[in-house]
Amino acid sequence: MKWIDKDGNVAPEIIEVDGFDVINPTEEHYRRAGYMPCADPLPSEAECLKCAKEAKIREIEEYDSSDAVNSLTVNGVKIWYDQTKRIAYMNSVDSAITCKMTTIKLPLGDKVVPVEVEKAKMMLALLQLYADDAFITTEHHKAAVMNLGSEAEVKAYDYKTGYPDKLDFTIK
């Protein structure tokens, strides 16, 4: 709680009471020194709604960047290739196709495994489509939250729905 004087000035951290400096004043000290309590005004309904929306958007973004969305399984190993890696591996696949190679090496967890070029191309294409769909779902959830009209609706909004099914590949 803040304490103010009769002119509305906020009390300093050290106040004078009966000729003595008081370092950690109590309520009684403030009152004896002539200060009165000043409660901060409660936030408006609009401010509460705005804060709730901002918090929910952060939750959505955290969920979007978590393993709950960003993972796939290859040969029983849970991994993720972010956008940069997907582009790099697709470039490698394209290069292998140009050079008429039949296999390419892809990292799988702590291993590097040989994969048929066409299977690698399909896996990366499906992964890109999954990532696109997940991104669109996340953006949809963020837009839906911004269109909600009450703090209760925002707090109750379930953003973990609508994401695409996880990919599960077996490569040999």
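Predicted model: local features only at pLDDT ≥ 70, side-chain atom pairs only at ≥ 80, totals over all residues.
Modeller: Residues are numbered from 1 along each chain as its sequence is written, and side-chain values use heavy atoms, with hydrogens and water left out.

Biologist: What makes Y30 and Y35 an aromatic pair, and of which kind?

Modeller: Rings of Phe, Tyr and Trp (its six-membered ring) pair if their centres lie within 6.5 Å, and planes under 30 degrees apart count as stacked, over 60 as edge-to-face and the rest as tilted. By this rule the count comes to six aromatic pairs. For Y30 and Y35 the centres are 6.1 Å apart with 90° between the planes, and the pair is edge-to-face. Ring pairs also link W3 with Y30 and Y35 into a cluster.

Biologist: Why is Y35 called buried?

Modeller: Buried means under 20% relative accessible area, exposed over 50%, and partly exposed in between (1.4 Å probe, protein chains only). Y35 has 18% relative accessibility, and therefore counts as buried. Y35 is found in the loop between α1 (27-32) and β4 (36-38), where helices (H or I, at least four residues) and strands (E, at least two) are DSSP runs numbered from the N terminus. Leaving out residues up to four places away in sequence, Y35 touches W3, I4, D5, A11, P12, I15 and Y30, contact meaning heavy atoms within 4.5 Å.

Biologist: How do you know that the span of helix α2 agrees with its number of residues?

Modeller: The expected span of a helix is 1.5 Å times one less than its number of residues. The 20 residues of α2 (residues 45-64) should therefore span 28 Å, and the end C-alpha atoms are 28 Å apart, which agrees.

Biologist: Which residues of α2 are buried, and why are they said to lie on the same side?

Modeller: The buried residues in α2 are L49, A52, K53, K56, I57, I60 and Y63. They cover an arc of only 140° around the axis, which puts them on the same side of α2; the arc is that of the directions from the helix axis to the C-beta atoms. The face turned away from the buried side of α2 carries the exposed residues K50 and E62, whereas the cover over the buried residues includes α4 (117-146) and α5 (151-156).

Biologist: What makes H141 buried, and which side chain does H141 join in a polar contact?

Modeller: H141, which lies in helix α4, counts as buried because its relative accessibility is 3%. A polar contact is a pair of N or O atoms within 3.5 Å; within protein, one must be able to donate a hydrogen and the other to accept it, and residues adjacent in sequence count only if both atoms are side-chain atoms. The side chains of H141 and Y157 are joined by such a contact, of 2.6 Å.

Biologist: What makes a nonpolar core, and which residues touch the most other members of the largest one?

Modeller: A nonpolar core is a set of buried Ala, Val, Leu, Ile, Met, Phe, Trp, Tyr and Cys residues joined through side-chain atoms within 4.5 Å. The largest has 34 residues, of which L72, V74, Y81 and L106 touch the most other members. Its largest share, eight residues, comes from α4.
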